[in-house]
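Hello,

Here is the structure I said I would pass on. Please look at it first, then read the notes below.

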Amino acid sequence: MRLLGNFALLEEIEPKHFSYVIAWRNDKKLNKYLNQPFVLTLESQQNWYENIYLKDHNQKFMIMIDKETNLPFGTIGLTDLDRENKVCIMGRLLLGNTDYAQHPAFWEAVFIFSDYTYTLADIDYIHVVKENRNALRLNKILGFIPNESEIKYPDELFVNGMEQIELYRTKEMYLKMREKLFNVLMS
């Protein structure tokens, strides 16, 4: 699967992307709040890809690529897609190349993937480590709010010793935020 924008390209993960994912997820500066309590190896990545990812049609793991340079710069995805109830967990957002933090390709990739997600679901949930102020701020900008109602995914609130907050965003909330921010963030 590929999703194409003006600045960004999203490609579903393939073995050609493994070296990027392994480097990013093992980088101590980048993985501080990831729910990965182990060093990722080529063997473990290959095992996950072949024995879990390819067999699970309720998740997506995408590589964000700068369309102009063809340089991969991060990941984004979803898990736990419930097609009947039209909900999922959006996540796997990792900016592997921090030079892209304010780059139009990053923002466009997030919007492209969100557009795709809302063709499958009406509500996205995310889980962010309480101490991860940058991720909380980013997700607030993107229209997510804390779930102060019944927790949809209680098993996600405490993962690998990290306490997380469940946030959500409906399709309507996303479209309202997108209309207001897309052109501002893309300029």
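**Notes on the structure**

Strand β9 (residues 162-170) holds Q164. Helices here are DSSP runs of H or I with at least four residues, strands are runs of E with at least two, and both are numbered from the N terminus. This is a predicted model, in which local features need pLDDT of at least 70 and side-chain atom pairs count only at pLDDT 80 or more, while totals for chains, interfaces and linings use all residues. Residues are numbered from 1 along each chain as its sequence is written, and side-chain values use heavy atoms, with hydrogens and water left out.

Q164 has a relative accessibility of 10%, so it counts as buried. Buried means under 20% relative accessible area, exposed means over 50%, and partly exposed is in between (1.4 Å probe, protein chains only). The side chain of Q164 reaches the backbone oxygen of E156 at 2.7 Å. Setting aside residues up to four places away in sequence, Q164 touches H127, V128, V129, K130, E156, L157 and V159. Contact means heavy atoms within 4.5 Å.

E12 sits in strand β2 and is buried, with a relative accessible area of 17%. Its side chain is joined to the side chain of Y53 by a polar contact of 2.5 Å. A polar contact is a pair of N or O atoms within 3.5 Å; within protein, one must be able to donate a hydrogen and the other to accept it, and residues adjacent in sequence count only if both atoms are side-chain atoms. Apart from residues up to four places away in sequence, E12 touches M1, H17, Y53, K60, F61 and M62.

**Cores**

How many residues does the largest nonpolar core have? It has 36, and those with the most contacts inside it are L10, F73, I76, F106 and F113. Two or more residues each come from β2 (8-12), β3 (60-66), β4 (71-82), β5 (87-95), α3 (104-120), β6 (123-129), α4 (133-141) and α5 (171-186). Helix α3 gives the largest share of this core, 11 residues. A second, separate core of 11 residues includes I13, V21, L40 and Y53. A nonpolar core is a set of buried Ala, Val, Leu, Ile, Met, Phe, Trp, Tyr and Cys residues joined through side-chain atoms within 4.5 Å.

Leaving out neighbours within four places in sequence, I76 is in contact with L10, K60, F61, M62, M64, M90, G91, R92, L93, V110 and F113.

**A pair of helices**

Helix α1 (residues 18-26) packs against helix α2 (residues 42-51) at an angle of about 115°, and the axes are 10 Å apart. Axes are lines fitted to C-alpha atoms, for helices over the stretch in contact, and angles run from 0 to 180 degrees between N-to-C directions.

**Two positive phi values**

Most residues other than glycine have a negative phi. R92, in strand β5, has a positive phi near 60° and is partly exposed at 24% relative accessibility. N160, in the loop between β8 (158-159) and β9, has a positive phi of about 50° although it is not a glycine. At 43% relative accessibility, N160 counts as partly exposed.

**Distances along the chain and in space**

I65 is in strand β3 and is buried at 3% relative accessibility. I65 and L4 are 61 residues apart in sequence, and their C-alpha atoms are 9.7 Å apart.

K152 lies in the loop between β7 (145-146) and β8 and is partly exposed at 36% relative accessibility.

N70, in the loop between β3 and β4, is exposed at 54% relative accessibility. N70 and R137 are 67 residues apart along the chain, and their C-alpha atoms are separated by 28 Å.

Regards
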